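Subject: Structure for you to look at

Hi,

Here is the structure I promised to send over. Have a look at it first, and then read on for what turned up.

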Amino acid sequence: MAVALSSGLLLSCNSVDDERLPNVPVNINLGDPGLWNRYGVAGFGLYRYFIPELKEPSGFSYTVSSCAGFGGVLLIGGMDPFSGDVNVPLAYDLACPVECKPTVRVKIDDSTFEAICPVCGSKYDVTMRAGSPISGPAAEGKNKYALKRYQCLPAQYGGYIIVNR
């Protein structure tokens, strides 16, 4: 609980913009336990990218109502800094907020679980600090940029639905 409180205070003291990307729809329905078991994340640092135009993840059937944000969606297991809950799914837009282009997507470094922009080099903490910038242009200067967060809502019968509200 103390970690969640201190993370929340840390985020509130800084002027960090997590709304730099366009506000676009997100609706990825993994609300069926079978879908969640196949395409969800089941532990800290486990992740998956949802990018419809690249048919990621492989085999996932996007429906007419599916929407995956501006640059795609990163789904990763981590700690919710606002509630302190651990091993929960967290979702972010894959587009780097410094570059603001849907095709410039962050990638997860498997050794640190940080999201890194391949163009500007910005690093983001996506497992414990709500997508806050760690280093690079996103963390420097007067304007700091975090990854855009999306909600992971528990579904009635298991799994989650990822949405932008």
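This is a predicted model: local features need pLDDT of at least 70, side-chain atom pairs count only at pLDDT 80 or more; totals for chains, interfaces and linings use all residues.

**Overall picture**

The protein chain has two helices and 13 strands. Its radius of gyration is 15 Å, close to the 15 Å that the globule rule gives for 165 residues, so the chain is as compact as a globular protein of that length. Along the principal axes, the C-alpha atoms fill a box of roughly 45 × 35 × 30 Å.

Buried residues account for 44% of the 165. If you take contacts between residues at least 6 apart in sequence, 56% of them join residues at least 24 apart. The accessible surface is about 8,300 Å², and carbon and sulfur atoms hold 54% of that. As for charge, there are 14 positive and 15 negative ones, and their mean positions lie 4 Å apart.

In soluble globular proteins, nonpolar side chains tend to be buried together. Here the largest nonpolar core has 20 residues, and the members that touch the most others are Leu74, Val106, Tyr124 and Val126. Two elements, β5 (73–78) and β6 (88–93), each give two or more residues to this core. The largest share, three residues, comes from β6.

Beyond its neighbours within four places in sequence, valine 126 is in contact with Leu74, Ile76, Leu90, Tyr92, Ile108, Phe113, Ala115, Gly131 and Leu147. Apart from this core lies another, of 15 residues, with Leu30, Trp36, Phe50 and Phe60 among them.

Valine 41 is in the loop between α2 (33–39) and β3. Is valine 41 buried or exposed? Its relative accessible area is 10%, which is under the 20% cut-off, so valine 41 counts as buried. Leaving out neighbours within four places in sequence, its contacts are Trp36, Leu46, Tyr47, Arg48, Leu75, Ile76, Gly77 and Pro89.

Lysine 55 belongs to the loop between β3 (47–50) and β4 (67–68). With 65% relative accessibility, lysine 55 is exposed.

**Backbone details**

Now back to proline 57. A cis peptide bond joins glutamate 56 to proline 57, with omega at about -5°.

Two residues other than glycine have a positive phi. One is asparagine 87, with phi about 55°. Asparagine 87 lies in the loop between β5 and β6, and at 52% relative accessibility it counts as exposed. Cysteine 100 also has a positive phi, near 55°. Cysteine 100 is found in the loop between β6 and β7 (107–108), and its relative accessible area of 27% makes it partly exposed.

Cheers

Methods: Residues are numbered from 1 along each chain as its sequence is written. Side-chain values use heavy atoms; hydrogens and water are left out. Helices (H or I, at least four residues) and strands (E, at least two) are DSSP runs, numbered from the N terminus. The radius of gyration is taken over C-alpha atoms; the globule rule is 2.2 Å times the number of residues to the power 0.38. Buried means under 20% relative accessible area, exposed over 50%, partly exposed in between (1.4 Å probe, protein chains only). Contact means heavy atoms within 4.5 Å. Accessible areas come from the Shrake-Rupley method with a 1.4 Å probe; for residues, only the protein chains shown count as cover. Lys and Arg count as positive and Asp and Glu as negative; His and the chain ends are not counted. The place of a charge is taken as NZ of Lys, CZ of Arg, CG of Asp or CD of Glu. A nonpolar core is a set of buried Ala, Val, Leu, Ile, Met, Phe, Trp, Tyr and Cys residues joined through side-chain atoms within 4.5 Å.
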